[in-house]
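Me: Could you take me through a structure feature by feature, giving the general idea before each case?

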Amino acid sequence: MITDSEFYEIVAYFKTHYGIELKEKKILVSGRLENYLMRNGIESYSEFMQMVRSDPTGNAAKDIVNALTTNHTYFMREFEHMEYLRQVVLPYLKKKEYASKDLRIWCGACSSGEEPYTLACVLQDFFGLESDRWDTTILATDISTKVLAHAQRGEYLNEQLAVLPDNWRRRFFTKVSADSMRANETLRKQVLFRQFNLMNPLPFRKKLHVVFLRNVMIYFDEATKISLVNRIYEKMEPGGYLFIGSTETIDKSKTNFSYIQPSIYRKNI
Ligand SMILES: C[S@@+](CC[C@H](N)C(=O)[O-])C[C@H]1O[C@@H](n2cnc3c(N)ncnc32)[C@H](O)[C@@H]1O
């Protein structure tokens, strides 16, 4: 049984290090950590937190992140964003960046890869035969190493891929077993997966054209969310687009982003 003080220690640790608010999630926290503690012969939550804080390898911290983040995602999620990208954003960027042919796209909470691979399909489709002449590599980051390993492998069950249009599945995925397929090299080369904690300073040298930050800020409190949105604003190209989850909003009075339509924002040109 987790005690109140052990639970609040974990809540505080998560909030400070990852921005994630767990204070209403006691059952989730104890449910997900109990097995981990048993498997690793750890006697109590406080012993575990002691390990998390003092482990120089960072492995215990990595395990707690992998256990306590919620990574739910799927292909074609909120596809209206992809349509907007295809119809409005990419035609604009193709014209604007015709000389450099360099698009900088960041997917900031990519989970197991379904979101950036959907994006990669849209980009391949849009640029078609010109794909090779454009650098449209998507930087896809997440805090969880577990989901990143899955994303990098790029292997998914047929039922997860069933929502993709047939021609995308045929073009971009290869059967690896009776019930799964793997993203092929073209698609995998289109996405660069890295671990990154959104609470850290944003590491971009060049400014970004498009940012997808969907369904992650729901785990942050308002101050953390606004601070992140404003840090992202500073790293974006004028005219760049920010997509957030369709159930999320940004308080217009606290950001310089212009509101375009629900869950789509833009930095002024
Ligand atoms: C619910 S998933 C959303 C996945 C995808 N963006 C989508 O909309 O389908 C939220 C992801 O945010 C990640 N995450 C949570 N806090 C984070 C942080 N501080 N830094 C980076 N990633 C974080 C989690 O690991 C998880 O994979």
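Me: What should I know about the numbering and the model before I start?

Reply: Residues are numbered from 1 along each chain as its sequence is written. This is a predicted model, in which local features need pLDDT of at least 70 and side-chain atom pairs count only at pLDDT 80 or more, while totals for chains, interfaces and linings use all residues.

Me: Into which domains is the protein divided, and how should I read their bounds?

Reply: Domain bounds come from an automatic or database domain assignment. Here the division gives domain 1 (4–68) and domain 2 (79–266). Their centres, taken over C-alpha atoms, are separated by 29 Å. Eight residues from domain 1 and eleven residues from domain 2 make up the contact, where two residues are in contact if their C-beta atoms, placed from the backbone, lie within 7 Å.

Me: Which elements give two or more residues to the side of domain 1 that touches domain 2?

Reply: Elements are DSSP runs numbered from the N terminus, with helices being H or I runs of at least four residues and strands being E runs of at least two. On the side of domain 1 that touches domain 2, the elements giving two or more residues are helix 1 (4–18) and helix 4, and helix 4 supplies the largest share, three residues. By class that side has three nonpolar, three polar and two charged residues, counting Ala, Val, Leu, Ile, Met, Phe, Trp, Tyr, Cys and Pro as nonpolar, Asp, Glu, Lys and Arg as charged, and the others, Gly among them, as polar.

Me: How many residues surround the ligand, and where does their shell lie?

Reply: A residue is near a molecule if its C-beta atom, placed from the backbone, lies within 6 Å of it. In this model 24 residues surround the ligand, and the closest are Thr69, Thr73, Ala109, Ser111 and Ile143. The shell is made of nine nonpolar, eleven polar and four charged residues. Because domain 1 and domain 2 both give residues to the shell, it lies between them.

Me: How do I read a nonpolar core, and which residues have the most contacts inside the largest one?

Reply: A nonpolar core is then a set of buried Ala, Val, Leu, Ile, Met, Phe, Trp, Tyr and Cys residues joined through C-beta atoms within 7 Å. The largest one here has 64 residues, and those with the most contacts inside it are Cys107, Ala120, Ile138, Ala140, Val211, Leu213 and Leu242. This core lies between domain 1 and domain 2, because both give residues to it. Leaving aside residues up to four places away in sequence, Leu242 touches Val211, Leu213, Ile232, Phe257 and Tyr265.

Me: In which sense do strand 3 and strand 5 pair?

Reply: Two strands pair if DSSP finds at least two bridges between them. Strand 3 (residues 155–157) and strand 5 (residues 180–183) are antiparallel and pair over three bridges, with Ser180 in strand 5 as the bridge partner of Leu157. Strand 4 (residues 173–177) also runs antiparallel to strand 5, joined to it by four bridges, and a hairpin of two residues connects strand 4 to strand 5. Opposite Ala183 in strand 5 stands Phe173, and opposite Arg182 stands Thr174.

Me: Which residues other than glycine have a positive phi?

Reply: Met76 and Ser263 are two cases. Met76, with phi near 65 degrees, is found in the loop between helix 4 (59–68) and helix 5 (79–96), and is partly exposed because it has 15 other C-beta atoms within 10 Å. Ser263, with phi of about 70 degrees, is in the loop between strand 9 (258–261) and strand 10 (264–266); having 20 C-beta neighbours inside 10 Å, Ser263 counts as buried.

Key
A residue is buried if 20 or more other C-beta atoms lie within 10 Å of its own, exposed if 12 or fewer, and partly exposed in between; C-beta atoms are placed from the backbone.
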